[in-house]
Amino acid sequence: METTGTSILNVTGCWNLDFPRPIWDQSTWVLLRETYRDIVGLELSSIPNHHDSGFFIPYEVHLTDGKGRGVFATEKITKGQKVWTERHTAQFHEDQEEEFRSFLAAIPYELACDILQWAYVQKKDGSYAASVDLDDCSYLNHARDGNNVVETWDATVAGRDIEVGEELLTDYTSFDEDGKLIWFDDLADLAWDKDDSGDDDEDEDEGDPDVSLFFAATGRSEGKGDHDKM
């Protein structure tokens with residue numbers, strides 16, 4: 001399987017990657033941010049030219065049963081405390097499909113698959129954009145009823161007191177505008193949908209933690225993988 005760079009046309013076959021997916025280090029996030037800025041240009045970039053953390057609380061990332069990668073509190077967080085902000089969220093607007101494809105083509109294949117697993121659609125400035133958090137917030141997992149962090153207009157904050165060792169969980173349906181950006185949905189479906197990939201082994205990867213959690217939560221078709229925010 002090709003592992004360094006992707007076709008600018010489509011990313012496919014992500015189901016064939018090894019699971020669980022790796023936890024990327026900070027140098028990988030820096031690479032992704034710099035690649036994004038190179039593709040869209042500094043004037044259009046939604047990410048500033050610095051690498052300060054988007055998190056306001058101490059945390060760690062590790063694998064968790066049934067979910068893959070996750071974010072965990074290492075100190076108690078009080079209700080209302082700011083947890084994270086979109087400091088490193090890359091945005092590709094409705095007219096930037098070519099730039100999004102170029103971004104995928106400029107990064108290693110495994111990362112392109114992860115990007116298409118993590119990304120989501122938001123309404124920004126009156127139009128829709130494919131957004132992806134290019135920091136550890138992409139590992140934030142979903143809980144529709146049991147979420148302990150919530151989205152506000154300018155940050156993600158604790159919805160209740162969170163104890164040391166608890167996993168931080170958000171409700172994807174509170175911010176993801178599923179089905180509003182067709183070109184993005186088509187790219188993500190093609191990358192992660194076994195039916196589109198030509199994989200005839202329907203039992204392969206069944207039960208892998210990094211698969212299908214986001215799409216079960218939001219009602220999307222299975223196949224892209226978890227959202228690890230994922």
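Okay, let's start with strand β5, residues 120-124, which gives the most to the lining of the second largest pocket, with three residues. Strands here are DSSP E runs of at least two residues, helices are H or I runs of at least four, and both are numbered from the N terminus. Bear in mind that this is a predicted model, where local features need pLDDT of at least 70, side-chain atom pairs count only at pLDDT 80 or more, and totals for chains, interfaces and linings use all residues. Numbering runs from 1 along each chain as its sequence is written, and side-chain values use heavy atoms, with hydrogens and water left out.

Back to that pocket: its volume is about 190 Å³. Of its 14 lining residues, Glu86, Gln122, Glu151, Thr152 and Trp153 are the closest to the centre. For the record, a pocket is an open set of points on a 1 Å grid over the protein atoms alone, where a 1.4 Å probe fits, with protein on both sides within 12 Å along at least five of seven lines; lining residues have an atom within 4 Å of a point. The volume is the space filled by probe spheres set on the points, which are joined across faces, edges and corners.

Now the helices. How do α2 and α4 cross? The axes of α2 (97-106) and α4 (182-192) come within 10 Å and cross at roughly 25°. Those axes are lines fitted to C-alpha atoms over the stretch in contact, with angles from 0 to 180 degrees between N-to-C directions. So α2 and α4 are roughly parallel, since angles under 35 degrees count as that, over 145 as roughly antiparallel, 65 to 115 as roughly perpendicular and the rest as oblique. In α2, Glu97, Phe100 and Arg101 meet Trp183, Phe184 and Leu187 of α4, contact meaning heavy atoms within 4.5 Å.

Then there's α3, residues 109-118: its axis and that of α4 come within 9 Å and cross at roughly 125°. That makes α3 oblique to α4. Here Cys113, Leu116 and Gln117 in α3 meet Phe184, Leu187, Ala188, Ala191 and Trp192 in α4.

Last, the backbone. Most residues other than glycine have a negative phi, and most peptide bonds are trans. The bond from phenylalanine 19 to proline 20, though, is cis, with omega near 0°, and proline 20 lies in the segment before α1 (26-40). Aspartate 125 has a positive phi, near 55°, and sits in the loop between β5 and β6 (127-133).
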